[in-house]
Amino acid sequence: MGASPSSTDAAARPAEVLAEPRRSLLGFWRPRYWPAWCLLAWLRASAALPLQWSLAIHRLPGRMLYSLSRRQRHVVRRNLELCFPKLAPTERERLVKRHFESVGMSLAEFAFAWFAANRRNRGRFEVRGIEHVTNALALGKGAILYAGHFTTLEICGRPLKGALPNFTFMFSHRSNALLDEIQRRGRVRLAHDAVPSDNVRALVRALKRNAAVWYAPDQMHPHGELLPFFGEPAMTSLATSKLARLSGARVVPFSFRRSDERGHYELEFHEAVREVETADPRVSTLALVSRLEDFIRAAPEQYQWLHRRFKGRPPEWPDPYRTASSAP
């Protein structure tokens, strides 16, 4: 992975990928990168296993995280209490445990997505509704694939590069430079193009090239607006609506999930959300959030509940993650 690409390969790559050049991994020799090297070795070894075996093996780290991480366990519980208040406590706790297992299994899915041979995709993915994307792309202004942060995010990108003429993945930079480069390379392999999530200009240019862009703005946004998420006020980004009106791109909701524990996945594109064309970004964002809630209900254990979705609210709203031990 440390070798530089040939000039032929570089010329074939989209311009936005070349905007962040490939870095040699040989420069990451300092001790602070050794844990990341160990993780990389583990992912490569996991990718060599049958995916069904790897998923079963990685349920154990998920269970260990549930048992050992009191803080993260608390965050998941509070999120589920707020979003699914009608669940019985015992049923909710089972969902908490299943979520941590899904988090562990996501390591196997990261490994497969980034390092497994393409031939191993055969029969693994069921993709429905691709016509909704092609209809949007026929307008020539790109398509925004509106999705959420699910634990299966990486592996469900595998079939889209072959199914779409110009598929663009987004990525957030990591504080560890080695992990950041590994992630960037993984995303580039999954798509025709990859752009940083904080680079709005690159995103708009991708849409102008008529790309289908995987876009997941569902996490807490400090400069967003307070909108209901499962009925609970949460700081929510209005960027999808604004981006769609700026670019003219259609917004196509996109759901995906692990359909069994043998390594099979369902991906479905849905009809473009017409409310995005209204003048009020709040109205269109509420419509999009409602679709996301439906996707989560279909596989609640696979949504990323480790994120503190309800933090950053105005002072009149108490911090739902605050515990008695953290009070001043």
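**View 1. A nonpolar patch on the surface.** L39, W42, W53, I57 and L179 form a nonpolar patch on the surface of this predicted model, with about 490 Å² of accessible area together. Helices α3 (34-47) and α4 (51-68) each give two or more residues to this patch. A patch takes residues with over 30% relative accessible area and no salt bridge, joining nonpolar side chains (Val, Leu, Ile, Met, Phe, Trp, Tyr) within 5 Å and like charges within 9 Å. Areas come from the Shrake-Rupley method with a 1.4 Å probe, and for residues only the protein chains shown count as cover. Look for W42, which lies in α3 and is partly exposed at a relative accessible area of 45%. Buried means under 20%, exposed over 50%, and partly exposed in between (1.4 Å probe, protein chains only).

Some notes for reading the views: residues are numbered from 1 along each chain as its sequence is written, and side-chain values use heavy atoms, leaving out hydrogens and water. Because the model is predicted, local features need pLDDT of at least 70 and side-chain atom pairs count only at pLDDT 80 or more, while totals for chains, interfaces and linings use all residues. Helices (H or I, at least four residues) and strands (E, at least two) are DSSP runs, numbered from the N terminus.

**View 2. Helix α3 meets helix α6.** The two helices pack at an angle of about 80 degrees, with axes 8 Å apart. That makes α3 roughly perpendicular to α6, a label for angles of 65 to 115 degrees (under 35 is roughly parallel, over 145 roughly antiparallel, and the rest oblique). Axes are lines fitted to C-alpha atoms, for helices over the stretch in contact, and angles run from 0 to 180 degrees between N-to-C directions. In α3, L40, L43, R44, S46 and A47 meet L107, F110, A111 and F115 of α6; contact means heavy atoms within 4.5 Å.

View 3. E181 pairs with R184 in a salt bridge, their closest N and O atoms 3.4 Å apart. Such a bridge is a side-chain nitrogen of Lys or Arg within 4 Å of a carboxyl oxygen of Asp or Glu. Both residues lie in α9 (residues 177-190), 3 residues apart, about one turn of the helix. E181 and R184 are both buried.

**View 4. A salt bridge between D193 and R209.** Here the closest N and O atoms are 2.5 Å apart. D193 lies in strand β4 and R209 in the loop between α10 and β5, so the pair ties together parts 16 residues apart in sequence. D193 counts as buried at 0% relative accessibility, and R209 as partly exposed at 34%.
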